[in-house]
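Dear colleague,

Please find below the structure that I am handing over to you, together with its sequence. My notes on what was found in it follow.

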Amino acid sequence: MQTAEPLSALQVRGLTKRFDRLAVDALDLTVRTGEFYALLGPNGAGKTTTLRMVAGLLRPDAGSVSVLGVDALSDPSAAKQITAWVSDEPMIYDKLTPLEYLEFVAGLWGIDPAVSEPSAHQLLISLGLEPHLRERCEGFSKGMRQKVALAGALVHDPRLIILDEPLTGLDAVSARHVKGLLQQRVQGGCTVIMTTHILEVAERMADRIGVIAAGRLVAEGTLAELRQQNGHNDTSLEDMFIALIDVEAAAA
Amino acid sequence: MSSSTAALSWFARHEIRLAWREWLAMMTGRRKRKRGAIIGLIVFAAIMHLPAYAVIGRFADLQAPLDKSSLIVITATILLAWALMLSQAIESVTRVFYARADLDLIMSSPVSLANIFSVRIAAIALSVIAMALLLSTPFVDVLVIGGGVRWFAAYGVVVAIGLSAAAVAIAVTVALFRLIGPGRTRLVAQIIAAIVGAGFVIALQIAAILSYGTLSRFAVLTSDAAAAFAPDAASMVWWPARAALGDGETLLLLLAGGLVLLGAVMAIFSARFADTAVRVSAHATPGHQNARAKSFRASSRQQALRRKEFVLLRRDPWLVSQTLMQLLYLVPPALMLWRSFSGSSTAIVLVTPVIVMAAGQLSGGLAWLTISGEDAADLVATAPLPPARVIRAKIEVVLIAIGIIFAPLVIALAFASPLQAAITALGVAIGSISATAIQLWFRVQAKRSQFRRRQTSSRLATFAEAFSSIGWAATAALALAIPAAAAITGLITAAILAATWKISPRRV
C-alpha cells in the first residue's frame with residue numbers, strides 16, 4: 001500500500017466511482033499542504049463526486065484517499081476530524097440560531113467550548129452576521145445561510161477545507177469576506193480545495209489549478225504553467241479552460 | 001373572451017392540475033403510476049362500503065319527521081365531518097401561503113391579485129369538497145342502496161358544508177395573520193387544525209365518560225338529557241340533517257348559504273389574501289429571536305447530537321401539533337382512569353391500548369424526524385463520528401422523548417393498577433421500539449419539511465408501522481383480559497415485524 005507523502009494535504013490515487021456511467025475515472029490528484037487549489041471542470045465532469053468521496057460522503061468503487069497522511073477509507077473518523085466540507089447548497093437547521101448551529105458543530109467535532117465559543121463569535125462577526133447571531137436561520141437568505149455553513153466548517157479549525165462552489169449566492173461584499181477568510185486560513189497553514197465556475201476567482205486566488213473532464217484530470221499547474229502547456233502566454237484562464245474542454249470533448 | 005378572463009380560466013386550470021398532481025403524488029409517492037392509483041382508489045372505495053354498511057346501514061330506513069335523538073345523531077355526524085373539513089381546509093390555506101413556490105411568479109404577473117386569489121380560494125374549497133365527497137361516497141352509497149335515492153341529497157350536504165368549511169378556514173387563517181403575524185400563524189394554524197379535527201370527538205367522549213362512564217359518543221347523543229337540551233324540530237340547527245334525508249328545499253337553502261358565505265369571504269378576503277401572501281413571501285423574516293444567550297456547553301459528540309435533536313423537536317411545528325393531538329386523544333382515557341379511583345369501572349382496561357397505540361404512532365413520527373429528516377445530512381456525515389453512533393444517539397432521543405411524554409400516564413396508572421401499569425409500560429416500550437426500528441429500516445435522506453410526504457415515500461413502512469402499533473396495542477389489552485390470546489397477537493405482530501425487516505431496503 002502506498003503511504004502518503006508528509007507534504008501532501010490530499011493524495012488521491014486511482015479514485016473511481018460509477019453511477020449509471022463512469023463519474024470518476026481512476027483519478028490521481030495531489031494537493032500540497034498550505035496550498036489553495038482550485039478544481040475546475042464543466043458540469044458533470046466529476047468534481048463534486050471526487051470531493052464527496054474525499055470528504056467521506058461517498059464510498060469510492062476503487063482507489064485510495066489520504067488526508068494529511070491519514071487513510072480516509074480505513075480510518076474515516078480521523079480523516080474527518082481534520083477536514084471540513086462545505087457544499088454549494090448550504091445545509092443548516094432552520095430552527096437553530098447561527099450560534100446554536102456552531103455550538104452543535106463544535107460539539108460534534110469534540111472542540112472545547114472555551115476554544116469554540118470565542119472562535120464562533122469571531123467567525124460570525126467577520127462574516128457580517130453579528131446582527132443575526134440569535135435569530136433562527138429560517139428567515140435567512142441563501143447568502144446568509146452559506147455564510148453560516150462556512151462558519152460551521154471553520155469553527156473546528158480544520159486543516160483541510162473542501163468547498164464546492166462556496167461563492168454561489170453571495171453578494172460581492174460577502175464573497176470578498178469569504179475569500180479573505182479562506183486566504184487567511186491558507187496563510188495560517190491550512191489547505192483549501194475549492195471547485196468554482198467563477199474562473200476569475202480561481203485565477204486570482206488559487207496557487208494551483210486542476211481541470212477535470214469526464215472524471216479525469218486533464219490539466220494541472222499554476223496559471224503560468226497552464227499557459228505554458230497551452231502555448232499562449234497571454235491567454236486568459238477562461239480561454240484555456242474552454243480550449244481544454246473542447247479538446248477533451250473532441251477526444252471523447 | 002377578455003384577456004383577463006382568459007388568464008383567470010387558465011389559472012383555474014393550472015390550480016386544478018396542481019391539486020390533482022399533488023394528490024397523485026400523495027397516493028403514489030412521486031412514482032408516475034396514475035392508473036395504479038386510480039385502480040387502488042376504486043378498490044379501496046369498494047372495500048370501504050363494508051365498514052360503511054356496518055356503521056351507517058341501520059340508519060338507511062330513517063324517514064322524516066325524525067325524533068330528536070335521530071336528529072342529534074345525524075347533526076353531530078355532519079358537524080364532525082364539517083370539523084374535519086375545516087381542519088383540512090386550514091391546512092390547505094397555510095400550505096398555499098408557505099409551501100407554494102409559485103407566489104413570486106403569480107405576484108409578478110400582470111393579472112389582478114384579488115382575482116387570482118379568488119380562484120385560489122375557490123380551488124381550496126374545491127379540493128376540500130372533492131376529498132370529502134370521495135370519503136363520504138361509501139357511506140352515502142350504503143344509505144342510497146338501503147333507503148332509496150332520496151339519500152343522494154347527502155352529497156349536496158357534503159358540498160354545502162365543504163363550502164362553509166373552506167370559507168371559515170380562510171377567514172380564520174387571514175385573521176390569524178392579522179393578529180399574530182406570519183411567523184406564528186403557521187404553528188398556531190397547525191395546532192388549530194389538529195384540535196378542530198379531534199376536538200369534537202374528544203369532547204363527546206369526555207361528556208360520555210363524565211355522564212355515563214363509557215367512551216361511547218352515542219351515549220351522550222342519544223341520551224334524554226341531550227334531547228331535552230336540543231332545540232325544537234323546526235329549528236335551523238336541523239337543516240343539514242333534514243337536507244341529508246332528502247328535503248330538497250332545505251338542501252337548496254344550505255347550498256345557497258354555503259355559496260354566499262364563500263362568495264362573501266372571496267369578496268372580503270381575496271385582496272387581503274394577496275396582501276398576506278406578499279407579507280409571507282417578504283417574510284425573509286426577522287426570524288424568531290432567542291432572547292437568552294447561552295454559553296457553549298461542554299459535551300460528548302453524542303450529547304451534542306442529542307441536544308440538537310431535542311432542540312429541533314421542541315421547535316418543530318408538526319411535532320407540537322401532533323403531540324398536542326395525541327395528548328388530546330389521551331384525555332378521555334386519562335379521565336376514565338381518574339373516574340376509576342372513585343368506582344370499580346372495568347373500562348379502565350381500555351386505557352392501555354389507547355396509550356400503547358398513541359406511543360407507537362408518535363414514535364414513528366419522531367423517528368422519521370430524527371433519523372430520516374436530517375436537514376444537514378452532509379454535515380453529520382462528515383463529522384468524525386461513526387454512523388452507528390449517530391444513529392444510536394438519534395434512537396435514544398426518540399425513546400427518551402416517548403418516555404417523557406408517557407411516563408406520567410403510566411405512573412398514574414400504577415396507582416390504580418400496578419399490573420396494568422407494568423403491561424402498559426412494556427407495551428409502550430415495545431411499540432415505540434418497533435415503530436423506530438421500522439423507520440430505521442426504511443430510512444431515507446430527506447428534509448424535515450418533507451414530513452407530510454413521509455407516508456407516501458414507503459407505503460410498506462407506513463402499513464408496517466400501523467400494523468405494529470395496532471398489534472402491540474391489542475396485545476397489551478389482551479394481556480390484561482385474555483393472556484393466552486395476547487401470546488397469539490404478540491406472535492403475529494412480531495412476525496409482521498420480522499417480515500417487514502426481511503423485505504426492507506436495509507436488509508435486501
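**Contact between the chains**

In this predicted model, 35 residues of chain A are in contact with 33 residues of chain B. On the chain A side, the elements that each give two or more residues are helix H2 (76–81), strand S6 (83–86), helix H3 (98–108) and helix H4 (113–126). H3(A) gives the most, with seven residues. Sorted by class, the side of chain A that touches chain B has 13 nonpolar, 12 polar and 10 charged residues.

As to confidence, the model scores ipTM 0.83 and pTM 0.73. The mean pLDDT of chain B is 81, and 83% of its residues reach 70 or more. Where pLDDT is low, the predicted coordinates should not be read in detail.

**The antiparallel sheet of chain A**

Chain A holds an open sheet of four strands in the order S2-S1-S4-S5, with antiparallel pairing. Its edge strands are S2 and strand S5 (70–71), each of which pairs on one side only.

Strand S1 (residues 8–18) of chain A pairs with strand S2 (residues 22–32) of chain A over seven bridges, in the antiparallel sense. These two strands, S1(A) and S2(A), form a hairpin with three residues between them. Within this pair, A:Leu15 stands opposite A:Leu27 of S2(A). S1(A) also pairs with strand S4 (residues 62–67) of chain A, again in the antiparallel sense, over five bridges. There, A:Val12 has A:Val65 in S4(A) as its bridge partner.

Strand S7 (residues 160–164) of chain A has five of its five residues buried, so the strand is largely enclosed by the rest of the structure. In a regular strand the side chains alternate between the two faces of the sheet. In S7(A), A:Leu160, A:Ile162 and A:Asp164 point one way, while A:Ile161 and A:Leu163 point the other way, and all are buried.

S7(A) pairs in the parallel sense with S6(A), over four bridges, and with strand S8 (residues 191–195) of chain A, over five bridges.

After H1(A) comes A:Gly56, whose phi is positive, near 85°.

A:Leu99 lies in helix H3 of chain A, the helix that gives the most residues to the side touching chain B. Is A:Leu99 buried or exposed? A:Leu99 is buried, with 24 other C-beta atoms within 10 Å. Leaving aside neighbours within four places in sequence, A:Leu99 is in contact with A:Ala120, A:Leu133 and A:Arg134. A:Leu99 and A:Gly152 are 53 residues apart in sequence, and their C-alpha atoms are 9.4 Å apart in space.

B:Leu255 lies in helix H10 (residues 248–281) of chain B. B:Leu255 is partly exposed, with 16 other C-beta atoms within 10 Å. Not counting residues up to four places away in sequence, B:Leu255 touches B:Gly156, B:Val159 and B:Ala160. B:Leu255 and B:Ser92 are 163 residues apart in sequence and 22 Å apart in space, C-alpha to C-alpha.

**Helix H19 of chain B**

Helix H19 (residues 483–503) of chain B has 21 residues and reaches 30 Å from its first C-alpha to its last, close to the 30 Å expected at 1.5 Å a residue. Which residues of H19(B) are buried? They are B:Thr489, B:Thr493, B:Leu497 and B:Thr500. Seen down the axis of H19(B), these buried residues fall within an arc of 80°, so they line one face of the helix. The cover over them includes helix H16 (418–441) and helix H18 (459–481) of chain B. On the other side of H19(B), the exposed residues are B:Ala484, B:Leu491, B:Ala495, B:Ala498, B:Ala499, B:Lys502 and B:Ile503.

With kind regards

Definitions and conventions. Residues numbered from 1 in each chain as written. Chains lettered and ligands numbered in written order. Pairing = 2+ DSSP bridges. Contact = placed C-beta atoms within 7 Å. Nonpolar A, V, L, I, M, F, W, Y, C, P; charged D, E, K, R; others polar. Expected span 1.5 Å × (residues − 1). Buried ≥ 20, exposed ≤ 12 C-beta atoms within 10 Å, placed from the backbone. Arc of directions from axis to C-beta. pLDDT = per-residue confidence, 0-100.
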